[in-house]
Amino acid sequence: EVKEIVSGKKAECEAKAGTTFATFEPLTFVKQVVAGINYKVKVKVAEVECIHVLVYCPLPHTGEGPQLVSVEAGKTVEDKIE
């Protein structure tokens, strides 16, 4: 589910990062329950480069879809998601 959500946000991530990604492979994520759910996802975008993507998923009754909150570029596979 999380991989599908983030994969659907590739174009928005590219726009926020100001570049295009040849690779876009969600690897791991952490979840925070708020009035909805925040997913912080590590996404592999190159051989040794990752980005950290924060996506907010509102509660189902709102009828709203997932929203891209932030993109942190310049990360590596070894960097922890914070």
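Lys-10 and Glu-14 lie 4 residues apart in helix H2 (residues 10-17), a separation of about one helical turn. In this predicted model, the two side chains form a salt bridge, with the closest N and O atoms 3.8 Å apart. Lys-10 is partly exposed at 27% relative accessibility, whereas Glu-14 counts as buried at 16%. A salt bridge also joins Glu-12 to Lys-9, with a closest N to O distance of 3.1 Å. Here Glu-12 is partly exposed at 38% relative accessibility and Lys-9 is buried at 12%.

The salt bridges number 4 in total. One of them is formed by the side chains of Glu-72 and Lys-40, at 2.8 Å from N to O. Glu-72 lies in strand E4 and Lys-40 in strand E2, so this pair ties together parts that are 32 residues apart in sequence. Glu-72 is partly exposed, with a relative accessible area of 29%, and Lys-40 is buried at 12% relative accessibility. Lys-40, Glu-72 and Lys-75 are linked in a salt-bridge network.

Strand E3 (residues 50-58) pairs with both E2 and E4. Its pairing with strand E2 (residues 36-44) is antiparallel and comprises 9 bridges; the two strands form a hairpin with 5 residues between them. Strand E4 (residues 67-75) runs antiparallel to E3 and is joined to it by 6 bridges. Tyr-56 of E3 stands opposite Asn-38 and also opposite Gln-67 in E4.

Of the 9 residues of E3, 9 are buried. Cys-50, His-52, Leu-54, Tyr-56 and Pro-58 point one way from the strand, while Ile-51, Val-53, Val-55 and Cys-57 point the other way.

Note on methods:
Residues numbered from 1 in each chain as written. Predicted model: local features only at pLDDT ≥ 70, side-chain atom pairs only at ≥ 80, totals over all residues. Heavy atoms only, no water. Buried < 20%, exposed > 50% of the residue type's maximum accessible area, 1.4 Å probe, protein only. Pairing = 2+ DSSP bridges.
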